[in-house]
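Reader: Could you take a close look at one part for me, the salt bridges, and walk me through them in one go?

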Amino acid sequence: MIVPHETNAIAGNSRTEDLSGRVARSRDFVAGGIMTAAIVMFVGTAGSVMPDAIRHYYGAAVSPNNIAVTALLLNIALIIFGWRRYSELHREIAHHKNAEEQAKTLAVTDPLTGCLNRRAIGEASASLIAQATRRDMTVAYLMLDLDNFKNINDIHGHDAGDKVLIEVAQRLKATMPPNSHVARLGGDEFACTFIFDADFPETVQRVAEDLIEQVGKPITGPASSGTAELIVTASIGIARADQCDNSLDVLMRRADIAMYASKKHGRNRYCWFDPRMENEVQFRNKIESGMRVGIGRGEFVPYYEQQIDLNTGTLIGFEVLARWNSPELGQVSPDIFIPIAEDTGMIGDLSACVIRQAMEDARGWDQSLTISVNISPVQLRDPWLAQKIVKLLVETGFPASRLEIEITESCLFENMGLAQSIIGSLKNQGVRVALDDFGTGYSSLAHLRALPFDRIKIDRSFVTSMNESKESRAIVQTIALLGESMGLPITAEGIEDGELIAHLAEIGCAKGQGFHFGQPLSVEQARRLLAERNLLGLGWTPKPATPDETEQFTEPQLRAARGE
């Protein structure tokens, strides 16, 4: 039998209770002694003295019993005083006891939801693990986090958010099996724990499925929110104590890791902890630590992907790509470090470092060459983004007319007003702005109408599949016609087949890029290529190419460098 959490969570307070009890019993003994003595004296003297006392107070002559009368009166006063003092002591003890109970409750429960708090769930879970070990069973620890809960506070207010938390807590308590524990760890995080048979993990899975179902049901919002129903979903991570050597710290940490894995895999689901998840967390922490040091050391450098005029075949610019060659980790893919940079808020510093270096590299190149840089959705939330880019232009002396900023369509969903302000500021400084990955969003035409873009870039997924998919070919042609009708030049990304070039040029794609024209180049490789084409300024002496650098030049790229 599992001890309810209300009793488990208050371990350690028994000494205080014993002390209070001894004090109360001592006060009761003293008050009771006084009362008893007074009553005995009163009974022993009242029979013979009471008549004389009455005559004395009604004007009778003074008798030898005056002393006894005085004693009688003192006894009566003592009884009254004793009773009054006893009542005061009783009320004081009751008040002190209530205060202790309130303090005890506040120490172990969450004041908003009435669930256990973080400290109490730890003590309760430790007790459950001990009980489960004695019964040859184990404990499941479920870490639950509400998905996108911040939106409710931002849109409907904190009153609505509090109501959601209270309702979710009630649903969790009602759904969990008997003798289980539910805690609110803080914010929108909850924890649930209970004992189960280690041979039947499907029991835990059914509980997790029920929790997800119950949490996902609509919640009636407060009248002040102006919304009839609020809906949230939950992501749950599960760990079991028998696979954690019954260590409470390990159990809670692994459940937390599994919860983030469930969010990563789509939210509104549950995930069991897997040791590979911990390896991923450790690797991510290593990447994050390396990035924080690497940005300051200049380990992040620009690489350059060629952009070609599809009608003439001439090189007209480069797209700047970030690359990281870590001394400890080696070559780290952008697919790995870019999301981490966005999650941790390092993307702004990383981007500024790479863009500054690219401007310094390209400043002395032929003035006809442009560079294009991508802006992360996280960066577009910064109202000072335009000023930061202009500051880089001023400090490096790079002409604004040779810079093109690429903004993906997904960047525009969150705050169209801020996006308009940033793009407008950049345009006023002479910087060109392109809409990247066109065709993958949901309101492309609305964005083209609302924002002053200079160019459209067709997403590479459509271009690379043109030979295999008629639908992709039709989409590319439609976008090209749309750009022509709006006076917007079109760039086709992802050109890997040279046979597509003539068709793309024919339908109106003015510029193209992709691996057909070569892999992204380091600055030394880019300079060699430009030197071959007489597009490099004076004052540069080429370094001997290493075998690794030579291998990165493809045959089409080498032919183009030779002018063939």
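Author: A salt bridge here is a side-chain nitrogen of Lys or Arg within 4 Å of a carboxyl oxygen of Asp or Glu. Going by that rule, you get 25 salt bridges. Keep in mind that this is a predicted model, where local features need pLDDT of at least 70, side-chain atom pairs count only at pLDDT 80 or more, and totals for chains, interfaces and linings use all residues. Residues are numbered from 1 along each chain as its sequence is written, and side-chain values use heavy atoms, with hydrogens and water left out. As for pLDDT (the predictor's confidence in each residue, from 0 to 100), the chain's mean is 82, with 78% of residues at 70 or more.

Let's start with Asp 274 and Arg 276, whose side chains form a salt bridge at 3.1 Å, N to O. For exposure, buried means under 20% relative accessible area, exposed over 50%, and partly exposed in between (1.4 Å probe, protein chains only). Asp 274 is partly exposed at 25%, while Arg 276 is exposed at 59%.

Next, Glu 288 pairs with Arg 292, with the closest N and O atoms 3.0 Å apart. These two sit 4 residues apart in helix α9 (residues 275-297), so about one helical turn separates them; helices are DSSP runs of H or I, at least four residues, numbered from the N terminus. Arg 292 is partly exposed at 47%.

Then there's Arg 297 with Glu 299, at 3.5 Å, N to O. Arg 297 is exposed at 54%, whereas Glu 299 is buried at 11%.

Finally, Glu 319, Glu 406, Lys 457 and Glu 493 are joined in a salt-bridge network.
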